[in-house]
Structure formats: structure tokens, C-alpha cells
Amino acid sequence: MFDKLIVFETKYEELSVRLCDPAVAADPEKYTAALKELKEIEPVAAAYKEYKKCCAELEEARQMQEAEKDPSLLEMISEELRDLEQKQESLSEQLKVLMLPKDPLDNKNVIIEIRGGAGGEEAALFAAVLYRMYTMYAAKQGFVAEMLSANETELGGFKEVSFMLSGSGTYSRLKFESGVHRVQRVPDTETQGRIHTSTVTVAVLPEAEEVELTIDPKDLKIDTFRSSGAGGQHINKTESAIRITHIPTGTVVECQDERSQYKNKDKAMRVLRSRLLDAERERRHEEVAADRRSQVGTGDRSERIRTYNYPQGRVTDHRIGLTLYKIDDILNGNLDEIIDALTAADRARKLSEQ
């Protein structure tokens, strides 16, 4: 690790000098590239600088301890040594975390697809609850939410809904949300007061750039149809809705949220591109590590990851055994406690593998 840290330190110093070069400063492209790289390695370089400073202070304190004869001063030095040793250990752990390989997708925007599963109308209603939870979380994080497609039910639920969240680090915060979310509660229509169990499937897809995936137009079947939904003057009047079928894989994407056929086609292509790229990544992942499963789950859409129990006010994430009795708080978009715990578990797994 320390060999790598020396490389980071050297690179940081080189970039700092380079940014002061008038020739680089005069070239916006070169300057921006160098500044971006500097910012990426700056946390590592700063932590390593602090670690080396701590090591030097620790060595100095040990030398003072060996030379000192006064018992009262020795006690003070021993206390300082204990503090410095704890600080050194903490900085060492921090450096290990900073040196973990970065997920290249972490800064991607995400497309979230929520579908009602087992439970019929009750599942559709909870899909709407999860949509509200994620959009409220996005607002708290400063992410921008954009509706892509929605298939609403008469009672205000969603058979399925897809939307994009844009912002720095969006995928890094939401990538562990893929899977089956289970809800246990008494439906409004239940006269006997019995608790029903329903499921909703969530898929979190990193947005695919056009340069990452080339789609042959010949492989696409594009249909237009009249929008249908809960209302709106344009509903059922023009064929603005778009259905795109990717013939080789059978993947079908619909978008009817916009009045413009062109805008719906653009959104549908963004979703299709992200789905196809996600499927390709999953295929490669399975080929490379078919027998490995992450501590925080595979992200498999069929894996039950979390239970929301209304009568007990409980939310349990089954992957890490985390239970919180604050269901209202969580459903109002306060997800950081769960997301931070999942991120820490993933980090711990990676550290143990190193």
C-alpha cells in the first residue's frame, strides 16, 4: 500500500506544479484535465501527508520517552504516545479505505424502475410510496428527478414507474437499492384488519452514455400509440407515446410522459440504452465471478432485500441485518442511515478481500 501511496504523492506534486505552468493554464482542455485528476487524488495525498506527520511525531515522542527520567514528564509523554498511536491507526484505516478501487459508475446518473409485484393493487400503492420516498431523498441530496414513464392505477398506485435522478454521486448512493422490497401492512380495503404482504421490485440502472453502447437502428422496432393514464388534455388525442422493441434481446421500453413524440422517443432510447448496458455488465460480472456474492447482496432483481413492517414501525434490511424502528422517517426520504450502513458493509467486505 505504501508503494502506491508514494506514487500518489509524487503524482499530486507533479500535477500541482503542472497547474502553475502558464502553458497549461492557457490551454482550457489541459488545465481542466489536470485539475480533475488533482481533485481525484487530493484526499489520498492529504491523508498520507497527515499520516507521515503523525509517524514523525510518534518517533519523536518515543525518543523523548527513552531519554526522559522525570516520572511526571514520563507519564505525560506516555499519554501523548497513546494518543498518537490511536491517531496513526485511524489514519492507516482511512488510507486503506481511500486506496480501495473506485467504482467507475459511482458518479453516473441513475434510472430507477419500480414495479408492483405480488399483491395486486396493494403492491401498486406501495410502488407509489417508494417512488415518493426516492424522489424526496433526491430532493434532500440536491439531485434532480425527471419522470420517464408511469403506468398508474385508478387508486393512485403504479403498476410500474421509471424516472431518472441526476447529480454528483447519484449511483454511489442508490446502487444498493436494487431488489425486492417487501411491505407488511393492513390495506385500506381490508375490513378484518388482517396484515397483507406485498412486494415491489426496484431496479437501479446507471445511465448509459451513447459512446458506451452502439445500437443498430435496424435492431429496433418503433411503435407509436395514444397515451393512457390518469388524466391530461393530451391523453388519447395524439399518438405521442412511443414503444421501442430491441429485436435481438426482446427488450421493450415505453414512454408516454411527454406531449412530444420526439421527446418520448429520446427518453425511451435513454432507458433502453441503460437497460442493455446493465444487462451486458451483469453478463460479464457473472462470467468473471459466478460464485461470488457481495455482502450487501447481488443486486439481483429477484432478491428480497428489505421489509417495511407498518404495524411495528420497522424497516429491516436483510442483507446486513439492520433493523430501524423509524418507518415514517425512512419513507419520508431519510435514507442516509440505511445507505451509509450498506456502503460501510461493502467497504468492509472489500477491505477483507484485500
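Mentor: Let's take histidine 246: beyond its neighbours within four places in sequence, it is in contact with Ile215, Asp219, Leu220, Thr251, Leu272 and Leu276 (contact means heavy atoms within 4.5 Å). Keep in mind that this is a predicted model, where local features need pLDDT of at least 70 and side-chain atom pairs count only at pLDDT 80 or more, while totals for chains, interfaces and linings use all residues. Residues are numbered from 1 along each chain as its sequence is written, and side-chain values use heavy atoms, with hydrogens and water left out.

Histidine 246 sits in strand S7, residues 241–246; strands here are DSSP runs of E, at least two residues, and helices are runs of H or I, at least four, numbered from the N terminus. Its relative accessible area is 8%, so histidine 246 is buried (under 20%; exposed is over 50%, partly exposed in between, with a 1.4 Å probe and protein chains only). Its side chain also makes a polar contact of 2.8 Å with that of threonine 249; that term means an N or O pair within 3.5 Å, one able to donate a hydrogen and the other to accept it, with sequence-adjacent residues counting only if both atoms are side-chain atoms.

Now the sheet: 8 strands form an open, mixed one in the order S2-S3-S1-S5-S4-S9-S10-S11, where pairing takes at least two DSSP bridges. S2 (144–152) and S11 (322–324) stand at the edges with a single partner strand each, so one side of each has no neighbour in the sheet. S2 and S3 (residues 158–166) run antiparallel, joined by 8 bridges.
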